[in-house]
Amino acid sequence: METIVILYSPKTVFGSRMADIRIFSSIMSAIIGYLANFGFSIRLIMFFLIWLGVIMYFVGLIFPKYTKAEGLLSCSSERFQENWKFTNLDVYQIFYTFSIIFPGFGGILAGSNSSGQLKRPQVSIPLGSIVALCLGLIIFVTTSLTLTGCHPKSQLADTWSIPIQDSSFLTWFVFAAIAATSIAKGITGLGSGPMVLRAMAADGIIHKWFGEHSRVFGTVFSIAFCLYGDFNEVSSLSSMLFLSVFAFLNQGLFMAKYAKASSFRPHFKFYSPFVALITCILCVVSMFLINWAAAVIATSSAAIFYYYLKQKHVDAPWGSLSQSSAYNKGLIAALGLRKVPPHPKLYRPNIVLFIDSQPTEHQLAITFLDQMLHDKGMAVVARVFNKEASLSDVVKDRANCSIKTTRNNYHIFYETVVALNMREALRKVMLLTGLASLRPNVVFVEFDEKLREEQANFIIDVRDNQWPIMLVRKPNNIEDFGTIDCWLLSEDGGLTLLMASILSHKGRKLRVLTFARLDRDETIDEQGKTIRNILKRFRVRAEVVIVPLTDTHMPSHHSQMIWEQSLSGENIESDSECQDTTMHYMRIADAIRAHSSHSLVTVISLPKPVNSVHGTIYMRWLNLLSTIPSSVLFVRGNGTPALSWQV
């Protein structure tokens, strides 16, 4: 629009040259916003006008007497040397000028922006971009040389002068070419910018309103910059954005080579990843040389946007280089884990949760599992399908299902298995899931509130195969503040204490509780000293509570009522030994209810199932121990050390 204002200067329409530029450029932006709907056809017309203007400029140099600058044009080596001399050379001015003219080369992106209208985009885009870059470079160099060698320095230094137009054969053709350049560049910008907004809205990054009104938003945005008025500053800012984009593109090209992505197959035979790396570095250096403050703002904005994307957890099939690189690194790391020998220092609870229905029906258990591990181990949700399920449906369910937790992130793997029963599913999942040290090593199930014998048999199967097991009852969202109670009823290699310790992160307090069997000559002080020494050795901070227990103590009426209610309607016979064990668990249940009713989570050593005891009796023992308001986690290790006193 500066060209239009110069044509009728020193006159003005709106009081000043700057006001005219702001208003006319805003009007032109609105017009370009409409013409962008016909982008490809309009750009062809603009292309013809631009080349016509270039030709007229060079014709004017050959026949200067037919131009407005007839008395000024004089091409000579003396004038070239005079204009070529540097006066007060300033590196900042050089890069500032570079930032002003750099957006003009954005036209090479026109081909990629119109890829949907190209018959052979794989060939047309690279060829068109290279040809456009070469032609633009030739025109820029030849124009710069002719301006330096044929025009007086006073004319070149005049802000409100257009030497190219004054020295052209037909002035209006050059004016049309300059206007066509602005229109074509504006259409390219209002084509690619709204396209990006639509893509971001479709992927859920921004609100869908921006996608529905992307062209209007882009036009309003451009009018706002026009009203600012200082196009040199706007062009410099635009260069900063272009340079940052080009830096990221070249960084992506460099990463694509070393991510070993199978889809990265460059056709350009002269491709070198180090050229991309050097170009990326040059772009970043240029940004800081142009304006270090704007460069800091641009890089900070990019970092904030990247952090926003990471927190947004966009579920879109981008096939990004970071995902490809993550696969490559994960594969190398998994292969490296093959040679890692088992050691308590390296122990990680890799837990697999067995479910028999949609994950949404087990969301509380999944969330509890994720919060319990807190990135200290691996978690897998394995859904069991019966033999009648179609294999294609099972595979489709595994591919499409994503496990989400309260952290709004994917911290849990999802697997599917077809099995006749839970015993078969157990063997398939535990033997075939995972790689190397990333294989599951702990079985996790939800407590069966119906107290069926099948779950007792499943626990026996797990124990017979020497796998640790966990049962969760009443899983809830674990708050950040509260108490984690750990009841050590037996020795299992330290898994029970380890899980309680992991649960006690953040502001949670850990209490370790156990019994002193007074009728077996155990004292409270001795038991307390033993437990404290164990905790000190394994560097576990916890409060120790020793509860006295004797076999002569009569269980509470409440525990007896719970036991009787669980047996109602069941015809179960038990011997005297089984009755003694039941009385023992009633006393333990009384202690758990007295000390842990207000804890966040109560971790209890899972009693070892006995083959001679009916499965329904065993499940009722577990019911007796876990009848408290808080979440209960039964844990039973396999004797493998899960805690290490070494760092």
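The following legends describe an overview and close-up views of a predicted model of one protein chain.

**Figure 1. Overall composition of the predicted protein chain.** The protein chain contains 25 helices and ten strands. Of its 647 residues, 40% count as buried. Its accessible surface comes to about 36200 Å², and carbon and sulfur atoms contribute 62% of that area. Among contacts with a separation of 6 or more, 78% are between residues 24 or more positions apart.

**Figure 2. Crossing of helices α20 and α25.** Helix α20 spans residues 453-464 and helix α25 spans residues 615-625. Their axes come within 8 Å and cross at roughly 90 degrees. Because angles of 65 to 115 degrees count as roughly perpendicular, α20 and α25 are therefore roughly perpendicular to each other.

**Figure 3. Residues in the contact between α20 and α25.** On the α20 side, the contact is made by E453, Q455, A456 and I459. Helix α25 contributes G615, T616, Y618, M619 and L622. By class, the contact of α20 with α25 comprises five nonpolar residues, three polar residues and one charged residue.

**Figure 4. Parallel pairing of strands β6 and β7.** Strand β6, residues 481-487, pairs with β7 in the parallel sense over seven bridges. One of the residues involved is C486, whose bridge partner in β7 is V512.

**Figure 5. Burial of strand β7.** Strand β7 covers residues 507-517 and is mostly covered, with nine of its eleven residues buried. In a regular strand, side chains alternate between the two faces of the sheet.

Technical notes
Residues are numbered from 1 along each chain as its sequence is written. This is a predicted model: local features need pLDDT of at least 70, side-chain atom pairs count only at pLDDT 80 or more; totals for chains, interfaces and linings use all residues. Side-chain values use heavy atoms; hydrogens and water are left out. Helices (H or I, at least four residues) and strands (E, at least two) are DSSP runs, numbered from the N terminus. Buried means under 20% relative accessible area, exposed over 50%, partly exposed in between (1.4 Å probe, protein chains only). Contact means heavy atoms within 4.5 Å. Accessible areas come from the Shrake-Rupley method with a 1.4 Å probe; for residues, only the protein chains shown count as cover. Axes are lines fitted to C-alpha atoms, for helices over the stretch in contact, and angles run from 0 to 180 degrees between N-to-C directions. Angles under 35 degrees count as roughly parallel, over 145 as roughly antiparallel, 65 to 115 as roughly perpendicular and the rest as oblique. Ala, Val, Leu, Ile, Met, Phe, Trp, Tyr, Cys and Pro count as nonpolar, Asp, Glu, Lys and Arg as charged, and the others, Gly among them, as polar. Two strands pair if DSSP finds at least two bridges between them.
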